Amino acid sequence: MASTGVDVTRSNEDEDGLVEQRIKARAVASLPGKEYKLEAETELRIEVRSVSDAKVILLQGKAEIFGCELVSDKVVDMRKRTTCAVFTWHGCTIKIIPESVYAYVSDKTPMQFYVNLHEALEQRRCKAVENNTDGPVTMVIGPTDVGKSTLCRLLLNYAVRLGRLPTFIDLDVGQGIVSIPGTIGALHINRTITVSDGLDDYPSLVFHYGSNTPSTNVKLYMTLVSRLADSLRKYWANLPSRCHNGCIINTCGWITDVGYKIIVDAAETFKVDQIIVLDNERLYNDLMIHFGSNAEIVLAPKSGGVIERAQSTRANARALRIKTYFYGDDNSGYTPHVYELAFSDIQIFKVGGPNLPTSCLPLGMKPEDAALKLINVVPEKSLIHRILAVSAALSTDEDIVQTAVIGFVCVYDVDVNRKILKVLSPSPGALPRHILILSDLSFYDIPS
Ligand SMILES: Nc1ncnc2c1ncn2[C@@H]1O[C@H](COP(=O)(O)OP(=O)(O)O)[C@@H](O)[C@H]1O
Ligand SMILES: [Mg+2]
């Protein structure tokens with residue numbers, strides 16, 4: 001794909017480790033597996049369904065997974081119950097281990113369309129550099145399971161391969177990848193995102209929402225979206241060299257009724273100049289009418305390889321994301337720390353009060369004001385398994401609701417008599433801050 005310029009690859013490889021990796025890869029490559037020879041502009045769609053992981057090795061030619069170039073002879077680990085596509089612009093040979101992994105080749109891909117989207121974005125970045133303005137702000141929307149997150153990943157990777165440093169904004173509180181479910185945030189992308197990347201070591205800014213759907217507290221969700229948009233503008237204003245790179249915004253798959261209003265509001269808040277609508281003509285038309293000439297609306301095709309996930313699969317993916325936060329991925333060997341916090345050393349809050357009728361509220365208070373109310377939580381046994389976000393705020397004088405969070409703990413036990421909360425944490429020692437915000441989300445995989 002020389003015409004796109006993306007061939008000017010910036011590899012993530014650490015040169016020192018490369019020789020060692022290649023020796024290991026050759027040993028793995030000799031294991032029994034299945035080889036696939038791909039023609040130019042085709043992709044190998046791989047579904048790891050079994051209980052064990054799979055390995056993918058590029059034996060010859062050039063190929064990429066969602067925009068991240070494969071390094072020849074280097075093993076790519078695919079976790080169980082994941083899917084991906086190895087795409088090639090010029091042809092390649094791929095080996096998959098074990099042989100039993102389900103995979104098929106397709107020559108019907110929307111990659112040419114997607115690379116055109118990338119080219120248009122790159123032209124806007126060049127213009128932004130020339131005119132010293134902010135780069136393109138692009139939002140990807142569509143129903144669930146149409147490949148929104150995958151397209152964001154592809155566009156970010158293509159940008160990084162040209163030496164750009166785009167920002168990724170994830171507004172998906174259910175299946176987002178910036179942090180654990182129940183959050184929205186920004187990642188400053190400085191290297192290509194691999195298929196097994198946990199994304200935990202990119203510079204990030206995370207806000208705690210506390211539920212896996214925006215419908216739980218729309219007012220809070222929109223307040224945090226607006227706060228995130230402000231933070232992005234400030235970040236770009238302070239670091240002008242970054243602003244030309246623009247950002248890609250991922251969204252939830254809720255596109256009807258209030259979900260539609262949320263998307264439109266978010267697009268206006270971020271002042272998007274382009275919205276890519278995946279696979280939904282009605283949504284495309286509604287947005288064309290709504291935005292007129294204020295934003296470019298593009299209807300993009302969905303890849304036939306995108307997997308539709310059942311509710312239970314989505315719930316499992318959320319649980320796995322939280323588990324990975326505490327334990328690292330399967331092969332990392334990390335175990336979380338368990339330590340005690342005295343009730344007197346911490347303050348726990350919940351955001352949003354019960355939906356009381358206006359007649360029950362103090363004079364002058366509207367029902368939606370309760371949505372942003374900070375409510376003191378008294379620790380009790382019912383908190384066991386619940387996630388608590390650690391606020392960056394130093395005191396309650398700050399606006400806790402709109403302050404970013406710096407990490408998460410999970411409640412392991414509550415000893416009401418000793419007034420002690422036992423928590424599970426990815427890092428050892430005392431908490432760096434003492435204000436904790438209660439999430440609706442729980443994590444059950446706690447060691448006994
Ligand atoms: N071309 C493809 N071939 C195989 N799997 C794909 C392809 N594109 C996306 N997927 C997989 O489909 C699933 C859903 O895609 P995703 O981008 O998460 O959808 P959405 O964000 O719209 O819900 C993901 O597991 C992703 O890895
Ligand atoms: Mg998604």
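Guide: Let us begin with Ala 300, which counts as buried because its relative accessibility is 2%, and buried means under 20% relative accessible area, with exposed over 50% and partly exposed in between (1.4 Å probe, protein chains only). This is a predicted model, in which local features need pLDDT of at least 70 and side-chain atom pairs count only at pLDDT 80 or more, while totals for chains, interfaces and linings use all residues. Residues are numbered from 1 along each chain as its sequence is written, chains are lettered from A and ligands numbered from 1 in the order in which they are written, and side-chain values use heavy atoms, with hydrogens and water left out.

Visitor: Which residues does Ala 300 touch?

Guide: Ala 300 touches Phe 113, Tyr 114, Ile 276, Val 277, Leu 278 and Asp 279, residues up to four places away in sequence not being counted. A contact means heavy atoms within 4.5 Å. Ala 300 is found in strand β16 (residues 296-300); strands (E, at least two residues) and helices (H or I, at least four) are DSSP runs, numbered from the N terminus.

Visitor: Why is Gln 274 called buried?

Guide: Gln 274 has a relative accessibility of 3%, and therefore counts as buried. Gln 274 lies in strand β15 (residues 274-278), and its contacts include Leu 121, Arg 124 and Val 298.

Visitor: How much of the protein is buried?

Guide: Buried residues make up 51% of the 448 residues. The protein has 8 helices and 23 strands.

Visitor: What makes strand β22 largely enclosed by the rest of the structure?

Guide: Strand β22 (residues 420-425) is described in this way because 5 of its 6 residues are buried.

Visitor: How do you know that β17 and β22 pair?

Guide: Two strands pair if DSSP finds at least two bridges between them. Strand β17 (residues 337-342) and β22 have 6 bridges, in the antiparallel sense, and so meet that definition. One bridge joins Leu 341 to Leu 421 in β22. Strand β21 (residues 405-415) is also antiparallel to β22, with 5 bridges, and Asp 413 has Lys 422 of β22 as its bridge partner. In the hairpin of β21 and β22, with 4 residues between the strands, Lys 419 takes a positive phi near 55°.

Visitor: Why do β5 and β9 stand at the edges of their sheet?

Guide: The open sheet has 5 strands in the order β5-β4-β7-β2-β9, with antiparallel pairing. β5 (68-69) and β9 (102-106) each have a single partner strand, so one side of each is left without a neighbour in the sheet. Strand β4 (residues 64-65) is joined to β5 by 2 bridges, and Ile 65 is the bridge partner of Cys 68.

Visitor: What makes the approach of Glu 43 to ligand 1 a polar contact?

Guide: A polar contact is a pair of N or O atoms within 3.5 Å; within protein, one must be able to donate a hydrogen and the other to accept it, and residues adjacent in sequence count only if both atoms are side-chain atoms. A polar side-chain atom of Glu 43 is 3.0 Å from a nitrogen atom of ligand 1, and therefore falls within that limit. A backbone N or O atom of Asp 145 also lies 3.0 Å from an oxygen atom of ligand 1.
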